[in-house]
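Dear colleague,

Please find below the structure that I am handing over to you. My findings follow directly after it.

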Amino acid sequence: MRSRSCRPPNAVACGSAADALPGAPPHLGVGDGLNLPGRARTRRRRSVPAALLLLIALLIQGCDRSNSSGSGTRPLVVGFSQVGAESAWRTAETQSIKEEAAKRGATLKFADAQQKLANQIKAVRSFIVQNVDVIVIAPVVETGWEAVLTEAKEAGIPVVLVDRGIEVRDDALFATLIASDFVEEGRMAAGWLAERTAGKARIVELQGTTGSAPAIDRQRGFAEGIANHPGLKIIKTQSADFTRAKGKEVMEAFLKAAGDEIDAVYAHNDDMAIGAIQAIEEAGLRPGEDILLVSIDAVRDAFVAMVAGKLNATVECNPLMGPILFDTIEQIRAGAAVPKFIQNQDELFDQSVAAELIDSRKY
Ligand code: AHR
C-alpha cells in the first residue's frame, strides 16, 4: 500500500520485547547473554537468578532508549539517511534537520545516499548496528524497503520517513511520514497553467527521479489537473532526475526534437526548470514569454528567476522539516500517538508576488 494511510503509530514501550538486546548482532539472542563475564559472579552468590538480572538489564536499556530525548541519561541519537544533494531544496532540508538536531542537543548521524537505494539500505543497517534511538529516512524511491525496515522493527528502532513516501505491505514498518501532498502540488501547477493559457498549450514535462514518490505523484496530480482541458497536451515527458544539469540536457533534447511546438514546461522541481531556462535561452528563445514555465519547490533561485521574468510560477514544497521532525520524534519516544501522515501545507507563487516575497523566503 502507499504510505499515506493514517493509522496509530507503532509506539515504543519502555522495556518492551522490541527493545531486547538493542544493538546486539543478529546472532546474539537472549540466551547468549548468559555467557557474559558477570554471570559467574551472579551464580556464586545465588541471591538473584541470572535470568532476573538479565531481565532487569534489558528493562533498564529499554527505558534508557525511550527516555533519551533530552531529559534522560544520554542525548538522543538519530540516524538520518538522506537522498543526496541533488537540488537546492534537498540542501535546505538537510540544513534544517542538522540545525534542529544541534539546537536540541541530539546527536545526528548523517548519511548521504547519493541518490542510490543501495546506499540508503547500507546506511540504515549501519544505524541498526550502532543502536541509534530513531532512524529517519528520506527515501530515494518508493520500493525495496520491506527487508531493511523489518530489521529496524525487529531491533525495536522506530523509523520516521521525511519528505517521500514508500510502498510497503505493512505500514507498521514506519511510525509516520512527514511530507507535502505531491499529488496536490501537481494539480496546483496544472490549475495555474490551465488558467494562464486558457486551457490551450503543448507541454513538455521534466520528471523527477524515476520511481520516487514526488515524480510519481506530481505526474499523477498534473495529469489529473489537465484531464478536463482537452487543449492541454503533454507532447514530451522524460526524467531529468531532479537536477539542474539534467534539466538543461533534457530540455535541449526536447527543443531539438519538438522545436517550435513547445508552449510550456512543467518541471517536477525548480532546479530542473532553471536548467531548462538555460537551454531555452541558449536556443535563442525567451523563457517565461516564448515558453512558459511552471515548477515545484519555491526555492530562492525560483524567486530570482520569477523576478527576472524567466519562470512563471512555482508551487511551494516546504523542506524546513527540522522542527516538526524533532517534535514528532519526541512524541514517539514519549509513547504518544502520532498520525501516520503529517502533512506540510504548501501554496503557489507566481511572478506577481515574487519581488515582494523574495526577501522573506527562508530557503
Ligand atoms: O522529495 C522532494 C523533491 O526532491 C524536491 O521537490 C526536489 O527538489 C528534491 O530533490
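Is Asp163 buried or exposed? Asp163 is buried, with 26 other C-beta atoms within 10 Å. Here a residue is called buried if 20 or more other C-beta atoms, placed from the backbone, lie within 10 Å of its own, exposed if 12 or fewer, and partly exposed in between. Asp163 has a positive phi of about 75 degrees, although it is not a glycine.

Two remarks on the source are needed. This is a predicted model, in which local features need pLDDT of at least 70 and side-chain atom pairs count only at pLDDT 80 or more, while totals for chains, interfaces and linings use all residues. Residues are numbered from 1 along each chain as its sequence is written.

Overall architecture

The chain contains 12 helices and 12 strands; these are DSSP runs, numbered from the N terminus, with helices (H or I) of at least four residues and strands (E) of at least two. Of its 363 residues, 45% count as buried.

Asp163 lies in the loop between strand 4 and strand 5 (176–179). Strand 4 (residues 159–162) is covered on both faces, with Val159 and Leu161 buried on one side and Val160 and Val162 buried on the other. In a regular strand the side chains alternate between the two faces of the sheet. Strand 3 (residues 134–137) pairs with strand 4 in the parallel sense over three bridges, where pairing requires at least two bridges found by DSSP. Within this pair, Val136 stands opposite Val160.

The ligand shell

The ligand is surrounded by 13 residues, and the closest are Ser87, Trp89, Pro214, Phe242 and Asn269; a residue belongs here if its C-beta atom, placed from the backbone, lies within 6 Å of the ligand. Helix 3 (88–103) and strand 9 (292–297) each supply at least two residues of this shell. Phe242 is found in the loop between strand 7 (232–239) and helix 8 (244–258). Phe242 also has a positive phi, of about 70 degrees, without being a glycine, and counts as buried with 28 C-beta neighbours inside 10 Å.

Helix 10

In helix 10 (residues 300–307), the buried residues are Ala302, Phe303, Ala305 and Met306. They cover an arc of only 160 degrees around the axis, which puts them on the same side of helix 10; the arc is that of the directions from the helix axis to the C-beta atoms. Just after helix 10, Gly309 takes a positive phi of about 80 degrees.

Yours sincerely
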